[in-house]
Amino acid sequence: MSDFIEVVSDDFPEIFFIHGNRNARYPYSNSMLFKDILIDTGISNQYIRRLKKEHKITKVLLSHWHEDHISGNYRLKNSEFFCHKNDQKIIENTELMYEYYNIKDSPIEEQFQEGMSIFNLRDTKITDNFENDELIKIDEDLCLKVLHTPGHTAGHCSFLETNSKIAFLADIDLSSFPFYGGIDSDLIKLEKSLEKLLECNLEIVATGHKGIFRDKNKIQQAIMSYQDIIKKRDKRILDQLSERSPTKTEQLKKLNLIYKKYGMFEDYEHIAEMVMINKHFEKLLKEKRVIFEDGGYILS
Ligand SMILES: [Zn+2]
Ligand SMILES: [Zn+2]
């Protein structure tokens, strides 16, 4: 077996964690294989080719529409593809990504397109959708439960194998950088999804960009740390506001409120940061911690 394919538990020899290329750092991501069902295809072209040689893949479940999770779809032409209905139209028409990343008609659209060209993205026809709580029976030993965990994208899903209790959380990746910078992202829903995962008492977890977490307590801890990062961002944003004069989102540009350091994709990061700050404001308004007045936000 190739070195990037790992059996997760000796008791379940047909559940594999597939390490994405280069430690699954963007532009790559991890996958999981449950017998002949693959979740996500962003491990790298070369890895997909090698995986196909060793394993039959009849179905592909896509956790969400992001390019780093669907880039290998076109190498699996003989498989059927499934996703949540909320993400279907972008997977079927990847041109829509520019709109969903909020860069359509912006000065960086061309630069962004160039960056995306490395993925060689093709549109994927979705055979059918899966829904929250749907059970996908694989065989006597394996059954996947779909957990709709929106927030990162509207259709983002996690998957729990009900016998082994092994879960794949995709881009609720338990890294240090929760992302909700798409126009279909929703921070209120992401926080609900995290609460839902805490309630699942997960025992073994893998994510799209991190390795395997094997200890119940460590998993709870990792989810709570993820929640904390969001709370710290709330605080950094609130610290910029006053009780009297309204602050507009544009005034919070380039202040490193979300990205601690802007990197290689700085121009895009400024756009994503503004989208994410607005997601915080939506949530803070709902929690009545801020008030919208004269086109800006004040502390309540
Ligand atoms: Zn993603
Ligand atoms: Zn990802």
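Does α6 pass α7 in a left-handed or a right-handed crossing? The crossing of α6 past α7 is left-handed (left-handed if the near helix is turned anticlockwise from the far one by less than a right angle, right-handed if clockwise). The helices and strands named here are DSSP runs, numbered from the N terminus: helices are H or I with at least four residues, strands are E with at least two.

## Before we start

What you're looking at is a predicted model: local features need pLDDT of at least 70, side-chain atom pairs count only at pLDDT 80 or more, and totals for chains, interfaces and linings use all residues. Residues are numbered from 1 along each chain as its sequence is written, while chains are lettered from A and ligands numbered from 1 in the order in which they are written.

## Two domains

The protein splits into domain 1, covering 5–229, and domain 2, covering 240–299; these bounds come from an automatic or database domain assignment. Taken over C-alpha atoms, their centres are 28 Å apart.

Where do the two meet? On the domain 1 side, 13 residues are in contact with 11 residues of domain 2 (in contact means that the C-beta atoms, placed from the backbone, lie within 7 Å). Two elements give two or more residues each to that side of domain 1: α5 (109–116) and α6 (187–199). Sorted by class, the residues on this side are seven nonpolar, five polar and one charged. For the classes, Ala, Val, Leu, Ile, Met, Phe, Trp, Tyr, Cys and Pro count as nonpolar, Asp, Glu, Lys and Arg as charged, and the others, Gly among them, as polar.

Now for the strands. Strands of a sheet pair through backbone hydrogen bonds, either parallel or antiparallel. Here, two strands count as paired if DSSP finds at least two bridges between them.

One open sheet has seven strands in the order β1-β2-β3-β4-β5-β6-β7, and its pairing is mixed. At its edges you'll find β1 (5–9) and β7 (128–129), each pairing on one side only. Start at β1: four bridges tie it to β2 in the antiparallel sense, and the two form a hairpin with two residues between them. Within this pair, S9 sits opposite F12 in β2.

Carry on from β2 (residues 12–18) and you get another antiparallel pairing, this time with β3 over four bridges. Here I18 has S31 as its bridge partner in β3, and F16 is opposite L33. L33 is opposite L38 in β4, and M32 is opposite I39. The β3 and β4 hairpin has two residues between the strands, and there K35 takes a positive phi near 55°.

## The six-stranded sheet

There's another open sheet, made of six strands in the order β8-β9-β10-β11-β12-β13, with mixed pairing. Its edge strands are β8 (135–137) and β13 (212–213); each has a single partner strand, so one side of each is left without a neighbour in the sheet.

Look inside this sheet for a parallel pair: β11 (residues 166–168) and β12 (residues 204–206), joined by three bridges. A167 has V205 in β12 as its bridge partner.

## How the helices pack

Two packed helices are described by the angle between their axes and the distance between the axes. For α6 and α7 (residues 216–238), the angle is about 165° and the axes are 10 Å apart (axes are lines fitted to C-alpha atoms, for helices over the stretch in contact, and angles run from 0 to 180 degrees between N-to-C directions). That is why the two helices count as roughly antiparallel; the cut-offs are under 35 degrees for roughly parallel, over 145 for roughly antiparallel, 65 to 115 for roughly perpendicular, and oblique for the rest. In α6, E191, L194, L197 and L198 meet Q220, I223, Y226, Q227 and I230 of α7. By class, this contact has six nonpolar, two polar and one charged residues.

Helix α7 also packs with α8 (residues 266–286): their axes come within 10 Å and cross at roughly 90°. So α7 is roughly perpendicular to α8. The residues making the contact are R233, D234 and I237 from α7, plus I277, H280 and L284 from α8. Their classes are three nonpolar, one polar and two charged.

Methods:
Contact = placed C-beta atoms within 7 Å.
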